[in-house]
Amino acid sequence: MRTLKDLPELSGTRVIVRCDLNVPLDGKTITDDGRVRASVPTLMYLIERGAKVIVISHLGRPEGAPDPQYSLEPVAKRLGELLGKPVGFVEETVGAKASRAVSELGSGEVLVLENLRFNPGETAKDDAGREEFAKDLSELGDVFVSDGFGVVHRKQASVYDLPKLLPSAAGLLIEAELKVLERLTDSPEKPYVVVLGGSKVSDKLGVIDHLLPRVNKILVGGGMVFTFLTALGNKVGSSLLEKDQIETCLGYLAKAKELGVEIVLPTDIVVASKFGADAEVQITSASTMEETPFGDKGLGLDIGPDSAKLFADNIRSAKTVFWNGPMGVFEMDKFANGTREVAKALTEVHGLSVVGGGDSAAAVRQLGFEDNQFGHISTGGGASLEYLEGKTMPGLEVLK
Ligand code: ADP
Ligand code: MG
C-alpha cells in the first residue's frame with residue numbers, strides 16, 4: 001500500500017485529504033471529538049511540509065442534498081482548535097465557491113469543504129454517478145490522501161473512485177489502524193480473548209466465523225447474548241432475540257467445542273421491567289430470567305455482577321483482547337455496570353487491548369476512561385470488523 005512517503009513533493013501542492021470526521025453532535029456541539037483528534041497527525045504532516053490542505057469528509061446520513069444539521073462547520077472549528085491555527089470552511093463540496101476557496105489557499109493552510117454526502121454522487125449505487133462526482137472532486141487537488149479509516153470498507157466516490165484519478169496514498173491514521181489490526185490477525189499473542197456484545201448477533205456473525213479458529217475464548221454479552229441463551233434452551237422474556245439466528249448460534253457453539261474454543265456466556269442477567277432509566281430491575285440467574293415479578297415481560301438489559309466479574313477475570317488473564325459491542329444498555333447508568341467492568345479489565349491487560357466499534361468507543365469515553373488506557377481504540381467500527389472478518393476493503397485495494 002502506498003503511504004505518505006511515496007507522494008511527490010508536497011510544498012505548494014494541493015492535497016485533498018479524505019478524513020472521517022463523522023462525530024456525534026448534539027445540535028452544534030461535538031459530544032465526542034475522537035475522530036477529529038485522530039485526523040490531526042496526517043494533517044500536521046502535510047502542513048509542516050507546506051502543502052495546501054483540502055479536507056473532505058461525510059457527517060451523518062443526509063440524503064444526497066444539503067441538510068444544515070449535518071454541516072461540517074462546527075467540526076472545522078474544532079479542527080482549527082486542535083491544529084492551533086485557523087481552518088477555513090466553505091459551504092459547498094464542489095462548485096464555484098469551493099474552487100475559489102481552494103485557489104486562495106496558501107502553503108501550510110487548511111480548508112474544510114462541506115459534507116460530501118450533500119451530493120448524491122458520493123454514495124451513488126451506479127458507477128457513473130460516483131465517477132462523475134469523483135472527477136469534480138479531483139479537479140480541486142493535485143494529490144489525494146486517504147485517511148478516513150472508518151469508511152475504507154465503503155465503495156464510495158471519495159473513498160474508492162477519487163484515488164484512481166490522482167496520485168494517492170494512505171495517511172497516518174490508516175497506517176496506524178492497520179498495524180494494530182494486523183497484530184490481531186497475524187500471530188496474536190495467546191491467550192487471545194474476544195469480547196462481543198452490542199445489539200445484534202447478525203451484525204457480528206462474520207467475525208465470530210472468522211475468529212473462532214484463531215482465538216482461545218469468546219465472551220458474549222449485550223443484546224446478542226439472548227439468542228445464544230435461547231439456543232441453549234433458556235427463556236429470555238422480552239429481551240432482544242433474533243429467532244432466525246438460533247441455528248447459527250448452535251452451529252457456533254458446536255464448532256467452538258470441536259476447536260477447543262471456550263464460548264463464555266453470562267451466568268446472571270440484569271432484568272428490567274421495561275426499557276427505560278426508571279425501570280425496576282432484578283438480578284437473576286441466566287436460566288431463570290422469567291422468574292421475576294416481570295415474568296415474560298422482563299428485559300435483559302445488562303450482564304449481571306457475577307458475569308461482569310467472570311468476564312473481567314478472563315480479560316485480565318489474556319495477552320491479546322479485542323472488544324466490540326457494549327455488554328448492556330450503557331447509555332442508562334442502571335445498565336452500564338457490565339460495560340464498565342469489561343472496559344476496566346481491558347485497561348489492566350498486560351498485552352494488547354483493542355476497542356473497536358462506534359458505540360463501544362463512545363461507551364468507554366462516556367464511562368470516564370481515557371484513550372491512552374487502552375492499547376488502541378479504533379475509529380472505525382464496521383471497518384475494523386470487516387478487516388477481522390478477512391474481507392477485502394475497496395478503499396484499501398485502490399491504494400495498492
Ligand atoms: P458498536 O457500535 O460498538 O459496534 P453496536 O452498535 O453493535 O456496538 O451496539 C451498541 C448498542 O447495543 C448500544 O446502543 C446498546 O444500548 C445496545 N445494547 C447492548 N446491550 C443491549 C441489550 N441487552 N438490549 C438491548 N440493547 C443492547
Ligand atoms: Mg453501533
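**How do we know? Questions about a predicted model**

Guide: This model is predicted. In it, an N or O atom in the side chain of D359 is 2.8 Å from an oxygen atom of ligand 1.

Visitor: How much of the accessible area of ligand 1 does the protein cover?

Guide: On its own, ligand 1 has 580 Å² of accessible area, and the protein covers 84% of that.

Visitor: Which residues around ligand 1 are the closest?

Guide: K204, N324, E331, D359 and S360. In total, 19 residues surround the ligand. By class, the shell holds five nonpolar, 11 polar and three charged residues.

Visitor: What kind of space does ligand 1 take?

Guide: The second largest pocket. Two elements give two or more residues each to the shell: β14 (299-303) and α12 (358-366). The largest share, three residues, is from α12.

Visitor: What makes the peptide bond between K190 and P191 stand out?

Guide: That bond is cis, with omega at about -5 degrees. Most peptide bonds are trans. P191 lies in the loop between α6 (172-185) and β9 (192-196).

Visitor: How many helices and strands does the protein have?

Guide: There are 14 helices and 17 strands.

Visitor: Why is the protein called as compact as a globular protein of that length?

Guide: Set the value against the rule. For 400 residues the globule rule gives 21 Å, and the radius of gyration here is 23 Å. The two are close, so the protein is as compact as a globular protein of that length. Along its principal axes, the C-alpha trace spans about 70 × 45 × 40 Å.

Note on methods
Residues numbered from 1 in each chain as written. Chains lettered and ligands numbered in written order. Predicted model: local features only at pLDDT ≥ 70, side-chain atom pairs only at ≥ 80, totals over all residues. Heavy atoms only, no water. Near = heavy atom within 4 Å. Polar contact = N/O pair within 3.5 Å; in protein donor to acceptor, adjacent residues only side chain to side chain. Areas by Shrake-Rupley, 256 points an atom, 1.4 Å probe, with all protein chains shown as cover. 1 Å grid on protein atoms, 1.4 Å probe; cavity = no way out; pocket = protein on both sides within 12 Å on 5 of 7 lines; lining within 4 Å. Sits in = over half its atoms within 2 Å of the grid points. Helix = DSSP H or I, 4+ residues; strand = E, 2+ residues; numbered from the N terminus. Nonpolar A, V, L, I, M, F, W, Y, C, P; charged D, E, K, R; others polar. Rg over C-alpha atoms; globule rule 2.2 N^0.38 Å.
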